[in-house]
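Hello,

Here is the structure we talked about. Please open it first, then read the notes below.

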Amino acid sequence: MEDPSPDHPPAEALERLIGELVDYFARSGSDVMRSRHRFFGWTITPNTEPDAPPTLHLFRCTTEDEQGNPCGAESPESEMFEVAQKWPFEHMKEVPEHTGYEQVLRRPWGMVRGDPV
Ligand SMILES: [Zn+2]
């Protein structure tokens, strides 16, 4: 097991994780630019305009208590995935037995007429 110190996130581990995420999205067809949906002349597509709200990341604790209730504690939202990713280490300092987490991503989308390029 790697050192979970939040002050020294191993750069290689982060690079490996990001590589795995890219591979995962490529394999699963969930690449954001290919995930548009069209319906009656409208298309919903990720909003990549310069004035679009930022994409935000957070981590949520999914560890369950003895009754099966999830903890649900959440990191602050951050535009930087790597910043949000540090929060579980802080949470584990308070509750070392909480080892299950999920990443939550909030991305702006917009409806446009027709078929955007
Ligand atoms: Zn927790």
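**Zinc site**

The donor residues of the zinc ion follow the spacing C-x9-C-x19-H-x6-H in sequence. Keep in mind that this is a predicted model.

Which atoms hold the metal? The zinc ion is coordinated by Cys61 (SG), Cys71 (SG), His91 (NE2) and His98 (ND1). The distances run from 2.0 to 2.4 Å. The angles among the four donor atoms are 106 to 113°, and the site is tetrahedral.

**Core and helix H2**

The largest nonpolar core has five residues: Phe59, Cys61, Phe81, Ala84 and Trp87. Two elements give two or more residues to this core: strand S3 (56–61) and helix H2 (81–94). H2 gives the most, with three residues. Cys61 belongs to this core and is also a zinc donor. As a general point, nonpolar side chains in soluble globular proteins tend to be buried together.

Now look at H2 by itself. Its buried residues are Phe81, Ala84, Gln85, Trp87, Pro88 and His91. They cover an arc of only 130° around the axis, so they lie on the same side of H2. In an α-helix there are 3.6 residues a turn, so residues three or four places apart point the same way.

**Aromatic pairs**

How many aromatic pairs are there? The count comes to two.

One is Phe59 with Phe81. Their ring centres are 5.8 Å apart and their planes are at 45°, so this pair is tilted. Phe59 is in strand S3 and Phe81 in helix H2, 22 residues apart, so the pair links distant parts of the chain. Both Phe59 and Phe81 are buried.

The other is Trp87 with Tyr101. Here the ring centres are 6.0 Å apart and the planes are at 85°, so the pair is edge-to-face. Trp87 lies in helix H2 and Tyr101 in strand S4 (residues 101–106), so the pair ties together parts that are 14 residues apart in sequence. Trp87 counts as buried, at 14% relative accessibility. Tyr101 has a relative accessible area of 22% and is partly exposed.

Best wishes

Key: Residues numbered from 1 in each chain as written. Predicted model: local features only at pLDDT ≥ 70, side-chain atom pairs only at ≥ 80, totals over all residues. Heavy atoms only, no water. Core = buried A, V, L, I, M, F, W, Y, C linked by side-chain atoms within 4.5 Å. Buried < 20%, exposed > 50% of the residue type's maximum accessible area, 1.4 Å probe, protein only. Helix = DSSP H or I, 4+ residues; strand = E, 2+ residues; numbered from the N terminus. Arc of directions from axis to C-beta. Donors = N, O, S within 2.8 Å, 3.2 Å for Na, K, Ca; no water. Tetrahedral: all angles 85-135°; square planar, octahedral: opposite > 155°, others 65-115°. Phe/Tyr/Trp six-rings, centres within 6.5 Å; stacked < 30°, edge-to-face > 60°.
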